[in-house]
Amino acid sequence: MFTPDMLESIKKVEATRAERMGVEPRRMTAEEKDSLLKAFHPDYRADGFAEIQIGPNKGQKAPKELTGLLHSNSRLLQDKVDLSKVDYDVDVLVIGGGGAGSSAAIEAHEAGANVMMVTKLRIGDANTMMAEGGIQAADKENDSPVQHYLDAFGGGHFAARPELLRRLVMEAPDAIRWLNELGVMFDKDEDGRMVTTHGGGTSRKRMHACKDYSGAEIMRTLRDEVLNRKIPVVEFTSAVELIKDEKGQVAGAVLLNMETDDYLVARAKTVIIATGGAGRLHYQNFPTSNHYGATADGLVLGYRAGAPLLYQDTIQYHPTGVAYPSQIFGALVTEKVRSLGAMLINKDGEAFMHPLETRDVSAASIIRECSERGKGVDTPLGSGVWLDTPMIEMIGGEGTIEKRIPAMLRMYLNYGIDMRKQPILIYPTLHYQNGGLEIGGEGFTKTIPNLLVAGEAVGGIHGRNRLMGNSLLDIIVFGRNAGKAAAAKAKDVELGTMNLDHIYSYAEELKAAGIETEEVSPLLLPKYARHER
Ligand code: MEZ
């Protein structure tokens, strides 16, 4: 239910709707985008960042909350663990139970490796499950991986690592084929061809979707495959530190049973970090579209062991998070809503930008509208702008919303808002970490032998901004590759004696930098988690 002021503003949106139909707002020039980003994108707010004082990225900035975790202590300085008592002994240890971890585990298993997955919640409790709008792949006649590369490279401000982006786009069609064969129910037309749409910054319609719960459908399928293959999955168990041997190669991880607080030792010839994002750190006090466990754990594990980060200072704020009603503040409103024709409209009924600019530009534009221009609609938790959803029915015909984005429709109907008839209020929400641990083309970190990273914990695939649908794609492409590479590598690995020397030298570095703190990391659960026994 909307407030009387909101209803007044809706009248203005309705008054301009007919004349807006069929008129595309102009695209911004490159110069306009640059100055908009510098003035309004949260990545440019200096007070949101702090300098990292130790480790491979010393001297660079990261969001304050992440820097805080990198400057915190290992739990294992206090809680001593006997590494000679090995609880699990495997070829490939996958840390993380989302789409990247599952894809990795499936491929490692396919290659004949003895693989185990460990995850701090349950398999599938991951950002993959929360992804809505779709997955990109250039597999139609009018498209090509080269075109896909150009879109993503430009959208990421020409900062993506070419070898990673190249792999992403080249292997995208095969990723869709693989998922389709595993049983993902993609949207198809009556001839059985996949239905594809545009996303922000795409020059071709290459977004493959499963209505507006694409991630949930993909995760359902991957989870079934992991379970059908009987790959061991240790749930409610966190990796709290990597283990190395005297040769400096990774040799496993110390695990914490989240229910009993017992520590366990997993010895592994190769380790894949697939721990996902950081939304639950709520950078700059933003709400988040991320799942409950998104606390940047893998970045901390890898960094403390000596793996560098890349682009850790760039975060994606999804332009359309729920601004109202408050009960679902920050939840994702899929970009597909704009792909299907809904325009962004301010409180006076004006279309203030093209709805399919890239995400960083769109988010900055909405923030400007609500701050400098004073054209946002007041809400109990801040302000927002309208997403004119009734336009979708006018463009696509009656029933389009129910057919293409049924989960959105249901989410709003729960709060008495019928998006087929009334617009919805949105504001940016913390959605994705563009940066993460640096890898080479095969998925291995560059400094720690036999340690791989896949999924949102990787930095460099997308550069400094990611296009819609390239994350569901990267978890599959880089997850699969990591699984294959880890299984192949494990055949040659001779492990030495396990040690945790790196946590002691890291503690020394913290001390030498004058950093004294009682905080421990990785965080594992959000700061507001209730720890009840
Ligand atoms: O790639 C994403 O982040 C995505 C598909 C989100 C969405 O808007 O649905």
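Predicted model: local features only at pLDDT ≥ 70, side-chain atom pairs only at ≥ 80, totals over all residues.
**Stop 1: helix α1**

Start by selecting residues 4–20, which form helix α1. If you like a quick check, take the distance between the C-alpha atoms at the two ends: they are 24 Å apart. That agrees with expectation, because 17 residues at 1.5 Å a residue should span 24 Å.

Now colour M6, S9, I10, V13, T16, R17 and R20, the residues of α1 that are buried. Turn the view until you look down the axis of α1: the buried residues fall within an arc of 140 degrees, so they line one face of the helix. The general rule behind such a pattern is that an α-helix has 3.6 residues a turn, so residues three or four places apart point the same way.

What lies over the buried residues of α1? Show β15 (344–345), β16 (377–379), β17 (382–387), α13 (390–396) and β18 (424–433), which are among the elements that cover them. Before you leave, step on to G22, which follows α1 and has a positive phi, near 80 degrees.

**Stop 2: the second largest pocket**

Select E24, R338, G341, P355 and L356. Of the 21 residues that line the second largest pocket, these lie nearest its centre. Two elements, α11 (336–339) and α13, each give two or more residues to this lining.

**Stop 3: the largest pocket**

Move to M258, L524, L525, A529 and H531, which lie nearest the centre of the largest pocket. In total, 22 residues line this pocket, and the space in it comes to about 560 Å³. By class, its lining has 12 nonpolar residues, one polar and nine charged.

**Stop 4**

To find the second largest cavity, select its lining: L66, Y283, L299, Y311, Q312, T314, I315, Q433 and G435. The volume here is about 40 Å³. How many charged residues are in the lining of the second largest cavity? There are none; the lining is made of five nonpolar and four polar residues.

**Stop 5: F186**

Centre on F186, in the loop between α8 (172–182) and β7 (196–197). Is F186 buried or exposed? F186 counts as buried, because its relative accessibility is 6% and the cut-off for buried is under 20%. Show its contacts beyond four places in sequence: I135, I176, L179, N180, M194, H208, A209 and C210.

**Stop 6: R480**

Finish in helix α16 (residues 470–490), where you will find R480. This arginine is buried, with a relative accessible area of 9%. Leaving aside residues up to four places away in sequence, R480 touches S103, A104, E107, D174, A175, R177, W178 and I475. Display these side chains together with R480 to see its surroundings.

Definitions and conventions
Residues numbered from 1 in each chain as written. Heavy atoms only, no water. Helix = DSSP H or I, 4+ residues; strand = E, 2+ residues; numbered from the N terminus. Expected span 1.5 Å × (residues − 1). Buried < 20%, exposed > 50% of the residue type's maximum accessible area, 1.4 Å probe, protein only. Arc of directions from axis to C-beta. Contact = heavy atoms within 4.5 Å. 1 Å grid on protein atoms, 1.4 Å probe; cavity = no way out; pocket = protein on both sides within 12 Å on 5 of 7 lines; lining within 4 Å. Points joined across faces, edges and corners; volume = space filled by probe spheres on them. Nonpolar A, V, L, I, M, F, W, Y, C, P; charged D, E, K, R; others polar.
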